[in-house]
Amino acid sequence: MNLHKGQHIKQTVKVFAPATVANLVCGFDILGLALEHPQDEMIVSLSGQTGIRIEHLDAYDLPTEPEKNVAGAALLAMMEEYHEPVGFEVSIQKMIKPGSGLGSSAASSVGAVVGANYLLGNPFSKDDLVRFAMFGEKVASGVKHADNIAPGIFGGVTLIRSIFPLDIVPVPAPQLFITVVHPQIEVKTADARQILRKEVLLKNAIKQWGNIAGLMAGLMKGDYDLIGRSLEDVIIEPVRSILIPGFDEVKKQSISVGALGGGISGSGPSIFMLSKGQAAARAVEEVMIDVYQRLGVEYKTYVTNLNHQGAIVEPYKIIE
Ligand code: HSE
């Protein structure tokens with residue numbers, strides 16, 4: 001390619017950052033998985049000047065000041081540890097609607113740090129990137145949690161055994177189909193956390209521990225029945241599900257047409273269901289469509305798979 005005088009190729013990448021399902025029903029704040037679809041698209045460039053410039057190409061009216069923007073906050077955390085002056089430009093095209101329960105804010109933070117790390121020659125590990133991206137979650141919901149961030153970076157199913165210190169365990173999983181319905185109402189994560197009780201009854205904690213361990217064992221052994229039995233939440237779901245119209249019906253009917261189980265995706269309002277095969281996943285989608293059409297609530301559905309790579313980076317050419 002011939003460049004004209006004064007033109008140069010800007011060091012730029014395109015990043016695809018996946019939607020994620022946090023909690024996986026019983027694992028509040030400690031389990032998550034990445035989806036093949038939907039994915040946010042971002043263009044990240046090394047800038048000639050220090051600092052961060054953010055632009056949103058979507059219509060969501062999200063803040064663009066770096067400190068208030070989730071991608072900006074994550075990049076600021078990364079730049080603080082880079083110890084050399086550096087700057088980035090980020091253009092974000094969100095395909096994951098904010099407030100959907102599909103890890104929209106995490107996708108922006110993840111995409112920004114994965115793209116920036118690539119442009120710097122990958123000085124940071126995946127664990128480092130999770131640490132930086134969690135600053136974005138703090139901006140979004142007031143609390144650092146990694147159950148959307150970690151699967152967005154590692155792909156697949158991840159266990160966050162601890163965030164301080166960070167201890168992320170990628171969990172092997174058998175083939176799974178994931179059906180998601182996103183009723184078009186907004187539930188803010190901060191609000192959905194606010195309504196939770198601060199104390200847990202010991203008998204409920206025991207049930208929940210059994211389910212988390214059962215889900216881990218089921219995923220690792222490829223035991224679909226055990227996965228299904230373990231998708232039970234006696235602590236968070238009873239409180240949060242009242243925010244989601246049609247939740248009980250979607251869950252009951254999805255299981256009756258072959259889903260292994262499922263529940264609230266992250267803090268909602270999306271609902272996800274896991275299935276062993278595609279036919280069941282499609283039948284679940286029909287159930288979801290039927291419920292929301294009857295309720296007269298706008299909705300969007302996805303039938304998708306586990307995303308095993310997390311966010312991916314493609315070199316991209318911008319000539320200036
Ligand atoms: N674990 C978080 C919550 C995920 O449920 O509040 C938010 O997406």
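Modeller: This is a predicted model. Start with the length of helix α10, residues 278-295: at 1.5 Å a residue its 18 residues should span 26 Å, and the end C-alpha atoms are 26 Å apart, so the two values agree.

Colleague: Which residues of α10 are buried?

Modeller: The general idea comes from the turn. An α-helix has 3.6 residues a turn, so residues three or four places apart point the same way. In α10 the buried set is Ala280, Ala281, Val284, Glu285, Val287, Met288, Ile289, Val291 and Tyr292.

Colleague: What follows α10?

Modeller: Gly296 follows α10, and its phi is positive, near 70°.

Colleague: Now the whole chain. How many helices and strands does the protein have?

Modeller: There are 10 helices and 11 strands. For overall size, a compact globule of 320 residues would have a radius of gyration near 20 Å; the protein has 20 Å, which agrees. Along the principal axes, the C-alpha atoms fill a box of roughly 65 × 40 × 35 Å.

Colleague: What share of the residues counts as buried?

Modeller: Of the 320 residues, 56% count as buried. Among contacts with a separation of 6 or more, 75% come from residues 24 or more positions apart.

Colleague: And the surface and charges?

Modeller: The protein exposes about 14,300 Å², with carbon and sulfur atoms supplying 52% of it. It has 28 positive and 34 negative side chains, and the centres of the two sets lie 3 Å apart.

Methods
Residues numbered from 1 in each chain as written. Predicted model: local features only at pLDDT ≥ 70, side-chain atom pairs only at ≥ 80, totals over all residues. Heavy atoms only, no water. Helix = DSSP H or I, 4+ residues; strand = E, 2+ residues; numbered from the N terminus. Expected span 1.5 Å × (residues − 1). Buried < 20%, exposed > 50% of the residue type's maximum accessible area, 1.4 Å probe, protein only. Rg over C-alpha atoms; globule rule 2.2 N^0.38 Å. Contact = heavy atoms within 4.5 Å. Areas by Shrake-Rupley, 256 points an atom, 1.4 Å probe, with all protein chains shown as cover. Lys, Arg positive; Asp, Glu negative; His and termini not counted. Charge placed at Lys NZ, Arg CZ, Asp CG, Glu CD.
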